[in-house]
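This briefing is intended for a reader who has the sequence and coordinates at hand. Please consult the structure below alongside the text.

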Amino acid sequence: MYHWLIPVWQPLLQGVRERRLGHALLIKGMAGLGKGELAGKLATALLCQHTNNAPCGMCHACELTAAGSHSDLHVVGREGRSIGIDAIRELGRIMSESARLGHGKVAIIERAELMTEAAANALLKTLEEPAGESTLILVSSQPERLLPTLISRCQQWLVPQPDTQTALAWLNEQGVSATPAALSVNQGSPLQTLEYLQQGADDKRLTLLDELVRLAEAPAALPGVQASLQEQPVHLVWVQLLLQDALQTALGVNAPLKLDDCRGQSERLARLGAMPLHELNSELLTLRRRLQPGQGRPVNTGLQLGQWLRRLQHALTHS
């Protein structure tokens, strides 16, 4: 189990052993913290045939859970872009049946925020009329998207973000060399940072941001920079963080930079002045919002990004 999960796991496990957990729980926290693993461990403990020593790892129930074949454990939400009402109704039907191994039933809804409104309302009915020894575990990285009435019926368990040193130490144990900047671009998530580094994305970030700041000296690079920025939405996040660091530098704020490995680029951008940086940052934020799922993608997004880059290039040239 990941180190940062232990402070949450221990009271959960104690609750299982003392039989005082509610029938509905919400495990929440930012993405990339291993909340799904925590929910799986909790399900194993709940289904263990030796509650006072759960999870024992030796009983038939623990063996079945480890093999992924326990008939009283059900998981939804691992795939797809949404969780529909049919899946939740079927889950409600399953949970209303008697446990096949006689030690309760457990259902895990991963990415619970993806439930449609109809699905959430169907789940609400299941929570209002819990069946026997059944436990429902919701896992969410965006609990604010859940119905308030749904949240109010759940015991809430927050998985906190590990501090920088803990996250960096764990990443080092995984055999990767991570920096605070790599963590920053992944919102402090150790698991997302690990994947990011293994894919070589950190080198791409450093190259892209350097090319961005050098647009005044190499104007012919603009189409390539624009193409790189349009590859993935996260590339615009990199630029946003750099602009925020530059604005902080321009204002003389004495605080750590988010991208401490791009200090030179931040200082170069800081020469533009606080007001131009604020305007560029605001315009980029608007562009990012238009690219978010569900917002619709305007046909002229590429044109708007190109215009934004040319404004940045002009400002760099005349600074």
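The model is predicted. The chain contains 15 helices and five strands, and 45% of its 319 residues count as buried. Its C-alpha atoms occupy a box of roughly 75 × 40 × 30 Å along the principal axes. Among contacts with a separation of 6 or more, 70% join residues 24 or more positions apart.

**Packing of α12 with α14**

- Helix α12 (residues 233–250) packs with α14 at an angle of about 160 degrees, and the two axes lie 10 Å apart.
- Angles over 145 degrees count as roughly antiparallel, and α12 and α14 are therefore roughly antiparallel to each other.
- The crossing of these two helices, α12 and α14, is left-handed.
- On the α12 side, the contact is formed by Leu236, Val237, Val239, Gln240, Leu243, Gln244, Ala246, Leu247 and Ala250.
- On the α14 side, the contributing residues are Ala274, Leu277, His278, Leu280, Asn281, Leu284, Leu285 and Arg288.
- By class, the contact of α12 with α14 comprises 12 nonpolar, four polar and one charged residue.

**Packing of α14 with α15**

- Helix α14 (residues 274–290) also packs with helix α15 (residues 301–317), at an angle of about 165 degrees and with the axes 11 Å apart.
- This angle makes α14 roughly antiparallel to α15.
- α14 passes α15 in a left-handed crossing.
- From α14, the contact draws on Leu280, Glu283, Leu284, Leu287 and Arg290.
- From α15, the contact draws on Thr301, Gln304, Leu305, Trp308, Arg311 and Leu312.
- The residues of the contact of α14 with α15 fall into six nonpolar, two polar and three charged.

**Packing of α7 with α9**

- Helix α7 (residues 164–173) and helix α9 (residues 190–198) meet at an angle of about 45 degrees, with their axes 10 Å apart.
- That angle makes α7 oblique to α9.
- α7 passes α9 in a right-handed crossing.
- Ala167, Trp170 and Leu171 of α7 contact Pro190, Leu191, Thr193 and Leu194 of α9 as the residues that make up this packing.
- The contact of α7 with α9 has six nonpolar residues, one polar residue and no charged residues.

**Buried glycines in loops**

- Glycine 32 lies in the loop between β1 (24–28) and α2 (35–47).
- With a relative accessible area of 18%, glycine 32 is buried, because the cut-off for that class is under 20%.
- Leaving out residues up to four places away in sequence, glycine 32 touches Ser189, Pro190, Leu191 and Gln192.
- Pro190 and Leu191, which touch glycine 32, also belong to the α9 side of the contact with α7.
- The C-alpha atoms of glycine 32 and serine 141 are 8.7 Å apart in space, although the two residues are 109 apart in sequence.
- Glycine 104 is placed in the loop between α4 (85–96) and β3 (105–109).
- Glycine 104 has a relative accessibility of 7% and so counts as buried.
- Glycine 104 and aspartate 72 are 32 residues apart in sequence, with a C-alpha to C-alpha distance of 7.2 Å.

- Leucine 127 is located in helix α5 (residues 117–128).
- At 5% relative accessibility, leucine 127 counts as buried.
- Setting aside its neighbours within four places in sequence, leucine 127 contacts His23, Ala24, Leu136, Leu150, Arg153 and Cys154.
- Leucine 127 and glycine 92 are separated by 35 residues in sequence and by 9.1 Å between C-alpha atoms.

**Cysteines**

- A search of the whole structure finds zero disulfides.
- Cysteine 62 is in no disulfide, since the nearest cysteine sulfur, that of cysteine 59, is 3.6 Å away, whereas a disulfide requires sulfur atoms within 2.5 Å.
- Cysteine 62 is buried, with a relative accessible area of 6%.
- Cysteine 262 is likewise buried, with a relative accessible area of 0%.

Note on methods:
Residues numbered from 1 in each chain as written. Predicted model: local features only at pLDDT ≥ 70, side-chain atom pairs only at ≥ 80, totals over all residues. Heavy atoms only, no water. Helix = DSSP H or I, 4+ residues; strand = E, 2+ residues; numbered from the N terminus. Buried < 20%, exposed > 50% of the residue type's maximum accessible area, 1.4 Å probe, protein only. Axes fitted to C-alpha atoms, helices over the stretch in contact; angles between N-to-C directions. Parallel < 35°, antiparallel > 145°, perpendicular 65-115°, else oblique. Left-handed = near helix turned anticlockwise from the far one by under 90°. Contact = heavy atoms within 4.5 Å. Nonpolar A, V, L, I, M, F, W, Y, C, P; charged D, E, K, R; others polar.
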